[in-house]
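The points are grouped by structural element.

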Amino acid sequence: LSTVLLTALLLRALGLRAQSSKVLKAAGRMSGQLFVMGLFVLTPLFAFASSSPWKIALWVSFVAVVASREAASRSKYSYDGQVGDCLLALLGGVGLTLLHLVT
């Protein structure tokens, strides 16, 4: 939150009020979406899947595939295999983060 506010203040200091407003609106919208996802999707999911890590892994894989397709579809330029590259990058980042948390 402090990074968003700092960015908004910096944009205002540079005379970019419209961009500052957009940053604050986007941060508020993102926070609302994350709250709703956590409350209605993730909390029940983790309660259901707490007995089996495979259920969580299946959910993470599903979300990674959807996010990869979405990221590839929004790109201005595309190439064959772009979705696979997005998926590899996303799962690689998630895997390295989990590895860091475990060790």
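1. Salt bridge. A salt bridge is taken here as a side-chain nitrogen of Lys or Arg within 4 Å of a carboxyl oxygen of Asp or Glu. The model is a predicted one, and a search of the whole structure returns 1 salt bridge. R74 forms a salt bridge with E70, and the closest N and O atoms are 2.7 Å apart. Side chains of opposite charge can pair when their charged atoms come close. R74 counts as exposed because its relative accessibility is 66%, and exposed requires over 50%. E70, at 37% relative accessibility, counts as partly exposed.

2. Helix α1 and the residue that follows. Helix α1 covers residues 2–13 and has 12 residues. From its first C-alpha to its last, α1 reaches 16 Å, close to the 16 Å expected at 1.5 Å a residue. Just after α1, G15 adopts a positive phi of about 85 degrees.

3. S20 in helix α2. Helix α2 comprises residues 17–49, and S20 lies within α2. Is S20 buried or exposed? S20 is buried, with a relative accessible area of 0%. Leaving aside residues up to four places away in sequence, S20 touches A8, L11 and R12.

4. Geometry and faces of helix α3. Helix α3 (residues 53–73) has 21 residues and reaches 30 Å from its first C-alpha to its last, close to the 30 Å expected at 1.5 Å a residue. Within α3, A64, S68 and A72 are buried. These residues cover an arc of only 50 degrees around the axis, which puts them on the same side of α3. An α-helix has 3.6 residues a turn, so residues three or four places apart point the same way. On the face of α3 turned away from its buried side are the exposed residues L58, R69 and S73.

5. Packing of α3 against α4. Against which helix do the buried residues of α3 pack? The buried residues of α3 pack against α4. Two residues of α4 may be examined in this context. C86 is placed in helix α4 and is partly exposed, with a relative accessible area of 23%. Not counting residues up to four places away in sequence, C86 touches S68, A71 and A72. V83 also lies in helix α4 and is partly exposed, with a relative accessible area of 35%. With the same exclusion of residues up to four places away in sequence, V83 touches S68, R69 and A72.

6. Distances from these two residues. The C-alpha atoms of V83 and A71 are separated by 7.9 Å, and the two residues are 12 residues apart along the chain. C86 and M37 are 49 residues apart in sequence, and their C-alpha atoms are 23 Å apart in space.

7. Nonpolar surface patch. V60, L90, L91, V94, L98, L101 and V102 make a nonpolar surface patch of about 600 Å². Which helix gives the most to the nonpolar patch? Helix α4 (residues 82–102) does, with 6 residues. L91 is one of the patch residues and lies in helix α4. With 36% relative accessibility, L91 counts as partly exposed.

Definitions and conventions. Residues numbered from 1 in each chain as written. Predicted model: local features only at pLDDT ≥ 70, side-chain atom pairs only at ≥ 80, totals over all residues. Heavy atoms only, no water. Patch = residues over 30% accessible without salt bridge, like charges linked within 9 Å, V, L, I, M, F, W, Y side chains within 5 Å. Areas by Shrake-Rupley, 256 points an atom, 1.4 Å probe, with all protein chains shown as cover. Helix = DSSP H or I, 4+ residues; strand = E, 2+ residues; numbered from the N terminus. Buried < 20%, exposed > 50% of the residue type's maximum accessible area, 1.4 Å probe, protein only. Expected span 1.5 Å × (residues − 1). Arc of directions from axis to C-beta. Contact = heavy atoms within 4.5 Å.
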